[in-house]
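This report describes the fold, the nonpolar core and a few local features of the structure shown below.

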Amino acid sequence: MKVKLGGKEYTIQFATRPSLKSHILQDIMKTQDMEDISSMEDILLETLPKTLLVGLQMHHNEEFGYDYKTNEGYDEQLEKVSDILYDAIDTNEINCMDLFADMQEEMMTNGFLAQMMESLERAQEQKQEKKKTPSKAKAKN
């Protein structure tokens, strides 16, 4: 997915290592139960910038990279991404909730998470098929 922030176009893609190391999936899942304004604030202050930073790692590591193992440089890069993001929101360059929804969709349709979700769906379908198929022992009776 492509996003334009501060007049510059960025490619967002969620690579396995930074996504898992940052626990971004947990953060995304928490937003699914959004019920009040404080939840919206959490998305804007924490989850949206963090998700964007993780999504920038694959194609823009030279500009926004940090050490996934030690998190060295993470705070500085998060601040850098937050500044760019909030400027884009304040100038109406982007709609923050649309960006968040687009990044969630990107995460679920491309890359390792999409593969993981497909595997889970196949496993569930196979489980359902086994429940529908009567066993041979029952069929003889």
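Contact here means heavy atoms within 4.5 Å.

## Basis of the description

The model is predicted, and for that reason local features need pLDDT of at least 70 and side-chain atom pairs count only at pLDDT 80 or more, whereas totals for chains, interfaces and linings use all residues. Residues are numbered from 1 along each chain as its sequence is written, and side-chain values use heavy atoms, with hydrogens and water left out.

## Overall fold

The protein chain contains eight helices and two strands, which follow the order β-β-α-α-α-α-α-α-α-α from the N terminus; helices (H or I, at least four residues) and strands (E, at least two) are DSSP runs, numbered from the N terminus. Among contacts between residues at least 6 apart in sequence, 68% join residues at least 24 apart.

Of the 141 residues, 35% count as buried, where buried means under 20% relative accessible area, exposed over 50% and partly exposed in between (1.4 Å probe, protein chains only). The chain exposes about 9400 Å², with carbon and sulfur atoms supplying 49% of that area, as computed by the Shrake-Rupley method with a 1.4 Å probe.

## Nonpolar core

A nonpolar core is a set of buried Ala, Val, Leu, Ile, Met, Phe, Trp, Tyr and Cys residues joined through side-chain atoms within 4.5 Å. The largest one has 29 residues, and Leu48 and Leu52 have the most contacts inside it. At least two residues of this core come from each of strand S1 (2-5), helix H2 (24-31), helix H3 (37-56), helix H5 (74-90) and helix H6 (96-109).

Beyond its neighbours within four places in sequence, Leu48 is in contact with Ile43, Leu85, Ile89, Cys96, Leu99, Phe100 and Met103. Leu45, found in helix H3, counts as exposed at 61% relative accessibility.

## Salt bridge

One salt bridge is found in the whole structure, the term being used for a side-chain nitrogen of Lys or Arg within 4 Å of a carboxyl oxygen of Asp or Glu. The side chains of Glu63 and Lys8 form this pair, at 2.8 Å from N to O. Glu63 lies in helix H4 (residues 61-64) and Lys8 in strand S2 (residues 8-11), so that the pair links distant parts of the chain, 55 residues apart. Lys8 is partly exposed, with a relative accessible area of 38%.

## Positive phi angles

Most residues other than glycine have a negative phi. His23, in the loop between helix H1 (16-21) and H2, has a positive phi of about 60° and is partly exposed at 45% relative accessibility. Asn71, in the loop between H4 and H5, has a positive phi of about 65° and is partly exposed at 42%.
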